Amino acid sequence: MPRTGYCLGKGTTVRLHRTLLLASGVVGLLLILPAVPMEVAGTRTITYPFIAGSFVIPMDGQQPDLLHAFGLVHAILRRGVPVYRVLSPPAVLLKVDPLGPRTAFDGGPILVWGTYATEFFEAAAAFPGVAFFRLAELEVLDHVLPIRKPTGVLVMKGGFDWGHTEILLDQLGIPYDLRANSEILADPSLLFNYALVVDDCNGWNGVYPGDAVAAAFRAFVAGGGHATFTDIALKDMEVLFPGHVSLYLTQRGTYNVTVHTFGDAPSQYFGPDSISMFTEIDGFVMGRPIADGVNVLIDLPNYPAGFQRTAYRILAAYFTYGNGTVEGFAYHPFEQTGAGHTFSSVLYGNTFVSAVPFLPPAPPPVPVALGLPTPPPAPPVPPPPPPPPSLSLLNLAYTGYVFAGFVGLGIADALRTRVRLRAREKIPVRV
């Protein structure tokens with residue numbers, strides 16, 4: 001009996017300690033949150049706390065199903081749950097084993113607060129091969145990219161369906177809409193229903209789509225949207241966003257390429273620096289000269305460039321335009337094999353889940369989106385008439401002083417009169 005009582009008392013004490021520890025953690029978190037600084041707005045990253053029990057989706061060698069991890073993230077977002085990607089390099093050290101040392105996570109691990117356990121497990125049930133961990137203690141992390149909305153994806157198709165970006169989206173489990181280019185020509189404002197627009201090969205094949213579509217594309221990206229152009233549709237990129245890269249014809253073959261990262265959302269990557277990639281004939285690759293501000297993701301120094309000639313070529317690159325991003329890919333993921341398929345698809349996947357971390361851009365005014373003539377600006381509002389001249393007012397302060405002066409004079413006169421009267425009275429004297 002004493003032992004049983006002792007065990008119960010010990011259990012109660014342990015539960016009490018855990019309750020106090022949780023309460024102190026919540027109080028500490030409330031103290032931390034007001035002090036969390038925002039970084040430069042252009043980076044779209046913050047410093048953010050994560051409570052013990054928060055989920056960690058690795059995006060490096062600890063993830064056995066790297067591509068479906070993007071599908072899981074998109075599924076979580078569709079349930080209204082925000083996710084947070086810790087941009088790397090450098091790798092972030094997280095405590096996921098209560099008894100072990102901290103573990104390094106590279107490639108942009110993705111975290112979800114533990115309070116969304118129900119939604120997380122519901123989404124994860126459709127992606128059983130995706131690995132995840134849980135934090136063993138409170139962590140306050142830097143370089144965190146908040147993603148609060150699922151990326152709405154539009155895949156545009158031209159006269160020939162050669163890009164097949166939808167094959168990768170299906171593989172990842174990310175929903176999308178397919179529309180013919182003719183639909184965008186008829187209503188350019190459709191672009192503003194999405195956060196990511198993929199102009200899939202062959203696109204418009206470099207034919208200028210008209211002022212309405214060109215203006216809508218530029219307004220869409222400048223407002224914070226993301227536009228991707230694949231293979232032959234790179235010619236559309238040059239038409240719509242000219243002067244950033246030069247284009248050259250592709251050659252059929254498999255080539256060893258180098259992958260570059262810059263620590264931002266489009267370039268999150270963990271894998272070999274050199275991979276093998278395939279390009280098809282009669283497509284387009286990018287090359288020099290390139291403008292300042294173009295970030296090269298994949299390149300090689302010795303791509304075929306004519307009879308017994310090679311030259312520097314670029315297979316993936318991106319640049320900012322206003323508040324958004326324009327990205328070009330000279331390859332198709334479905335044509336890649338082995339590690340080349342996985343790692344080259346990651347660069348697509350980054351955009352599929354974080355094209356716009358906050359909200360899709362608002363559409364421009366209807367005349368601009370539809371290419372209609374812009375109405376003249378309204379005449380300026382005339383200024384209001386001046387107020388009527390004001391009447392001078394009596395200063396009551398001075399009035400008080402004057403009144404007080406008169407009262408003072410009256411009292412003084414009364415006193416002097418009384419004194420004079422008393423001075424004239426006869427005083428009897430007894431002898």
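I looked up the buried residues (under 20% relative accessible area with a 1.4 Å probe, protein chains only) of helix H3, residues 117-124, and found Phe120, Ala123 and Ala124. Seen down the axis of H3, these buried residues fall within an arc of 95 degrees, so they line one face of the helix; the arc is taken from the directions from the helix axis to the C-beta atoms.

The model is predicted: local features need pLDDT of at least 70, side-chain atom pairs count only at pLDDT 80 or more, and totals for chains, interfaces and linings use all residues. Residues are numbered from 1 along each chain as its sequence is written, and side-chain values use heavy atoms, with hydrogens and water left out.

Helices (H or I, at least four residues) and strands (E, at least two) are DSSP runs, numbered from the N terminus.

Next I checked what H3 packs against. Its buried residues pack against strand E2 (55-57), helix H2 (66-78) and strand E6 (110-112).

I then took the H2 pair. The axes of H2 and H3, lines fitted to C-alpha atoms over the stretch in contact, with angles from 0 to 180 degrees between N-to-C directions, come within 9 Å and cross at roughly 135 degrees. Leu72, Ala75 and Ile76 of H2 make the contact (heavy atoms within 4.5 Å) with Phe120, Ala123 and Ala124 of H3.

Last came the sheet. I read an open sheet of 6 strands in the order E1-E8-E3-E6-E2-E7, with antiparallel pairing (at least two DSSP bridges between two strands). The edge strands are E1 (46-50) and E7 (133-134), each pairing on one side only. I noted 4 bridges joining E3 (residues 83-86) to E8 (residues 139-147), and Tyr84 stands opposite Pro146 in E8.

How values were computed
Buried < 20%, exposed > 50% of the residue type's maximum accessible area, 1.4 Å probe, protein only.
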